[in-house]
Amino acid sequence: MNIHEYQAKAILDKFGVPTPKAEVASTPAEAKEIASRIGGRVVVKAQVHAGGRGKVGGVKLVNSPEEAEQVAASLLGTRLVTNQTGANGVPVDKVMIAETLDIKDELYISIVIDGDIGAPLVMASTEGGMDIEEVAESTPEKIFRVAGDPLIGLTTYHARDIALALGVPAKAVRATTKLITDLYNVFVENDCSLVEINPLVVTEDDQVIALDAKINLEDDALFRHPELAKLRDPNQQDPLEQRSDKAELAYVKLEGGRVGCMVNGAGLAMATMDITKAAGADPANFLDIGGSADQARIEEAFKIIIGDDDVEMILVNLFAGIARSDIVAQGIVAAAKETNASVPMVVAMRGTNAKEGIKILADSGLNITGAPDLAGAAEVLKAKLLELGSSH
Ligand code: GDP
Ligand code: MN
């Protein structure tokens, strides 16, 4: 689960990580009031579940409370589109008003779970304030990596190594070492999947401060943190993703495609997307119905897929093991009839009750083409797409 910068900052504050003085506002008047309390120049930051705000006007330095009010008014109620959002962007319901800092240097630090080594991994770089993906690509040697130990944690000498690799001023090494240790504790004690500070700044007076804060919480551990679970902001989520979360389905929206993919299993989803691409079409989304799907969930899954306006055709690729083909077929037919969906479907079903499933689809009167296997489905898909033409 994603949370907002101001919420992440509150967690950092609690764990002793230095952050700029800041408060959150929902109206321009509140923004003005906070700015005059903080005094002088402030920075107005759109609170959205996405980074890259600085480049698109979502982070603005202003010189007076009046200006803070104006900038807040221009941001609140709009949608911010950054390189990390879809074309629709995400709504700005709140802005954070923070004190400005005199920045001497922008650094980068993050912690993620590294699946290969099975431990939290700290990544640090002197190249802060820019896209870290770009740094990783063009100058990988500029990223310093240290793994923590699940039992021991991150030792002080490791934290110190990182502080030295960041090249902070000598008199800030001790404070930076503590900051890194505290940040590691934030990660572990809150069951985070990501803690990212970009930039971590060195100020003109040699203080090291977390200027930006991004925290993702591990969904499967949220039950241990009821107070963190309350930080969820459904407005930031795509409505279809909200629906699929509720139904415990895994739905992923993809940009620029035309084919909705319904599959059972994550690996099959990957293979299905490859086949869709090989057939000359891009997937608009994929939805993993998982193993034990009952008819109600299949109906909901189908409705979510056709709820995506980009979908012109649906590819159902089922490898029925625990899930039963006939149940899936019944779910699809019921949902298609209920919603009057006329989207053409290509269906490959194998495994448990595949024959029954295919018969239910064939007898339904819907626009459904059966296929014996995935390769066959790709051929049918290719032909159908040619028929449809490039209506985009
Ligand atoms: P992001 O673009 O969504 O990652 O938002 P950030 O919070 O990282 O802000 C983007 C950039 O704005 C930072 O890298 C800084 O260069 C700049 N910035 C943000 N706050 C301040 C500030 O208080 N003082 C100065 N001088 N620059 C700031
Ligand atoms: Mn940032």
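Mentor: The chain has 13 helices and 18 strands. Helices (H or I, at least four residues) and strands (E, at least two) are DSSP runs, numbered from the N terminus. This is a predicted model, where local features need pLDDT of at least 70, side-chain atom pairs count only at pLDDT 80 or more, and totals for chains, interfaces and linings use all residues. Residues are numbered from 1 along each chain as its sequence is written, and side-chain values use heavy atoms, with hydrogens and water left out.

The C-alpha atoms fill a box of roughly 75 × 50 × 40 Å, taken along the principal axes. Of the 392 residues, 50% are buried. Buried means under 20% relative accessible area, exposed over 50%, partly exposed in between (1.4 Å probe, protein chains only).

Now the close look: helix α10. The helix covers residues 295-307, 13 residues in total. From first C-alpha to last, α10 reaches 18 Å, close to the 18 Å expected at 1.5 Å a residue. That expected span is 1.5 Å times one less than the number of residues.

Which residues of α10 are buried? They are Ile 298, Glu 299, Ala 301, Phe 302, Lys 303, Ile 304 and Ile 305. An α-helix has 3.6 residues a turn, so residues three or four places apart point the same way.

Back to the chain, and its cysteines. The structure holds 0 disulfides, a disulfide being a pair of cysteine sulfur atoms within 2.5 Å. Cys 192 counts as buried because its relative accessibility is 4%. Cys 261 is buried too, with a relative accessible area of 1%.

Note on methods
Chains are lettered from A and ligands numbered from 1 in the order in which they are written.
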